[in-house]
Amino acid sequence: MAGAGTLVEAVDENESAARPGAQRVRSGSELYWRIHDFLIDEARLLDDGRFNDWFELLAEDISYTMPLRQTTLRRKGTGIEPRTPWFYEDIESMRVRVRRVMESDKAYSEDPPSRTRHFVSNIVIHETDRAHEYAVSSYLLLLRNRGEADNYELASADRQDILRVSNEAITLVRRTILIDQARLGMQNLAVFM
Amino acid sequence: MTSSPVLADGTILEQLIDREKREFSLRVLADPEIYNLELERIWAKAWIVVGHESEISNAGDFVRRRIGNDSVIVVRQRSGDVECLLNVCPHRANEICRTDAGNAPAFHCIYHGWTFNRDGSFRGAPFLSKMFPEGPDREAYSLRKARVEVFCGIIFANWSEEAPTLAEYLGEFVDYLRLLFDRTADGFEILGPPQHYTVPGNWKAPSEQMAGDGYHGQSLHGSLVDLGFQVDRQQSDDWSNSTHRIGTPQGHGMACMDARQIWTAAQDSEGDMTTMEERLRRLPPAGLPLESIGAVMRHLDEKQLRLLTETPPSVGLIFPNVGLIGFHVAMPDGSLCSSFGMHCFVPRGPGKFEFIHWNFVERGASEEFKDQLRRASAFSVGAAGIIEQDDSETWPAMTRASEGFIGRQSKMRYHIARPPRDRDDWLAGGEVYSGYPSDDTQWNWWVRYFDYMTGRAD
């Protein structure tokens, strides 16, 4: 079930969105390419600043989270720390974030806007227990350039998504962003991942 | 002892501040020479927050933190005490602790294999008797230790043997710290390990802001008004008269807001009409669940309860760099939640600091309540918070301005002065400046900063 109760449960359950033994949707299939195109188009909307259109891709029951990463010893696991979120969003808070950027001229953290480039790759798709929902993992490389800076703020992440696929549309039901940095190299997280 | 440093170009540091006119030269913000003096005169002399006890509950639990530019290990002892150890091997200077947090029976340097007990004392090294037939110099080979004191679970460290006690350092500011952090017998705990993010600005920019800059809210956070999340109340006389800033001679600052303003935000006009306990029950203080109100009533005295229900602390700063937050947050669904936590602005060079943010919760809260707080905090404060993400737009710009030859001759100005209130007219300590706007407690932070830098502070 997508609606895990708390952040800790959501991340524990979803550090890998695919169930063990789940059937893989191989590249080359029509479904694979539909989902691939969805992620590519989504990145384009974000980078073009079309946040209202991007918002339409989110399911009403979306869970959009980004847990902390810590530096720990190998035997302690991945260092993903579900007790502290960077993002812990539902549809209503995402709506506010989008409205803030699109409707207020005082959302100074992103006005003037950053130039962002979301590079999405390494897309792997598995079936889930639900007929129309797919566990999709992808690598994200985000480049963010701002103001007079001659360089980029960089972030890379493993995104664990659940996508809901119908004949008409694909929507994002869940996104867990597993950031690689234990020290975020950005002055804020005023951009979507 | 007064000893104002003389900079390489002959400038006497004390000449960069005009204490009468309440302004100072922007050069102070990010001059590399002044930054290096800060390492000695502030970070090695003041009490510096390195964490909270609930991060290291069990013997051997540790976190890796920084005091100024120095890496330290903060570790729980078997006795329950906390030690703060310089994270530098006394043999050949390798970093001993290489993880953010964990539990260790002892600390082990990977370079040559020297080991140290949890209290920092030398434990052993390979070929020990062959290297030191007479026995090793255990004192020289132990990790350097800072003084440690704990207040309300917040761990402070200090490298200076001459520094005053933490109680003296905090002074009357404890009256306000207790209203945030000592509200029940059980106290508070962390909600999880802290966010760390890097801002290309000087650490003093956010620190002095949190010591009293309420004035920026109406402009920099104007998007919240546009979105209907905040009433445009800061323009009103009512708002002005109900804002109180408290400063202490130690450089600490706290903003206390008339609770009626919070009730207005909660759109509950009956707030005024009720008893203290009813008020607390209808709108519990930040980070505190409804179930704990009874514990608050039992733990606090009459004066404290009045402050908490009439003029609760909302935003403050412990000198030099610890931001405190305890305020209510309007959530997207119209409900009112809260953000309760702490920031540390840790220098990483003249033009860069690490923003560390912890979320707190009163102990004993349900998982559901903790989850609400996590959601409200991510929404409002820290890196992605719709309030604080705008703050990090100004600190780098101020820092860049101070790098220009002409720019650094500009002044930082704190001219809006209010008379302190009569001491009998307030329920707790410190100098109280009522009215908005006011630069008083922010200026107070800078006076304290210059006192440290010029050797006036002890």
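1. Phe24 of chain B, F24(B), stands opposite M412(B) in strand β21(B). This is a predicted model, and the pairing belongs to β2 (residues 23–25) of chain B, which joins β21(B) in the antiparallel sense over three bridges. The two strands are part of an open sheet of three strands, ordered β1-β2-β21 in chain B and paired antiparallel. At its edges are β1 (17–18) and β21 (411–413) of chain B, each of which pairs on one side only.

2. The largest nonpolar core comprises 155 residues. Those with the most contacts inside this core are W54(A) and M193(A), along with L324(B), W446(B) and Y449(B). In soluble globular proteins, nonpolar side chains tend to be buried together.

3. Helix α5 of chain B, residues 174–181, is mostly covered, with six of its eight residues buried. The buried positions in α5(B) are V174(B), Y176(B), L177(B), L179(B), L180(B) and F181(B).

4. H196(B) deserves a separate remark. This residue sits in strand β14 (residues 195–199) of chain B. H196(B) counts as buried because its relative accessible area is 6%, where buried means under 20%. The H196(B) side chain reaches the backbone oxygen of P194(B) at 3.4 Å.

5. By class, the lining of the second largest pocket divides into 19 nonpolar, eight polar and 12 charged residues.

6. Four cavities of 30 Å³ or more are present in the structure. The largest cavity holds about 70 Å³ of space. From chain A, its lining includes F87(A), R97(A), R100(A), V101(A), L189(A), A190(A), V191(A) and F192(A); from chain B, I386(B) and Q389(B) take part. Helix α4 (residues 91–103) of chain A supplies the largest share of this lining, three residues. The lining of the largest cavity has seven nonpolar residues, one polar and two charged.

7. The second largest cavity has a volume of about 60 Å³. Among the 13 residues lining this cavity, V49(B), R66(B), C344(B), V346(B) and I356(B) are the closest to its centre. At least two lining residues come from each of β3 (48–52), β4, β19 (336–347) and β20 (353–362) of chain B. The lining of the second largest cavity is made up of nine nonpolar, two polar and two charged residues.

8. Two backbone features concern proline. Most residues other than glycine have a negative phi, and most peptide bonds are trans. The bond joining D111(A) and P112(A) is cis, with omega about 5°; P112(A) lies in the loop between α4 and β4 (115–127) of chain A. The peptide bond from Y436(B) to P437(B) is also cis, its omega near -5°. P437(B) is placed in the loop between β22 (431–434) and α16 (440–453) of chain B.

9. Which positive phi values occur in residues other than glycine, as at A93(B) and F127(B)? For A93(B), phi is near 75°. A93(B) is located in the loop between β6 (82–86) and β7 of chain B, and its relative accessible area of 52% is why this residue counts as exposed. For F127(B), phi is near 60°. F127(B) belongs to the loop between β10 (122–124) and α3 (128–131) of chain B. With a relative accessible area of 62%, F127(B) is therefore exposed, the cut-off for that class being over 50%.

Methods. Residues are numbered from 1 along each chain as its sequence is written. Chains are lettered from A and ligands numbered from 1 in the order in which they are written. This is a predicted model: local features need pLDDT of at least 70, side-chain atom pairs count only at pLDDT 80 or more; totals for chains, interfaces and linings use all residues. Side-chain values use heavy atoms; hydrogens and water are left out. A nonpolar core is a set of buried Ala, Val, Leu, Ile, Met, Phe, Trp, Tyr and Cys residues joined through side-chain atoms within 4.5 Å. Buried means under 20% relative accessible area, exposed over 50%, partly exposed in between (1.4 Å probe, protein chains only). Ala, Val, Leu, Ile, Met, Phe, Trp, Tyr, Cys and Pro count as nonpolar, Asp, Glu, Lys and Arg as charged, and the others, Gly among them, as polar. Helices (H or I, at least four residues) and strands (E, at least two) are DSSP runs, numbered from the N terminus. Two strands pair if DSSP finds at least two bridges between them. A polar contact is a pair of N or O atoms within 3.5 Å; within protein, one must be able to donate a hydrogen and the other to accept it, and residues adjacent in sequence count only if both atoms are side-chain atoms. On a 1 Å grid over the protein atoms alone, a cavity is a set of points where a 1.4 Å probe fits but cannot get out, and a pocket is an open set with protein on both sides within 12 Å along at least five of seven lines; lining residues have an atom within 4 Å of a point. Grid points are joined across faces, edges and corners, and a volume is the space filled by probe spheres set on the points.
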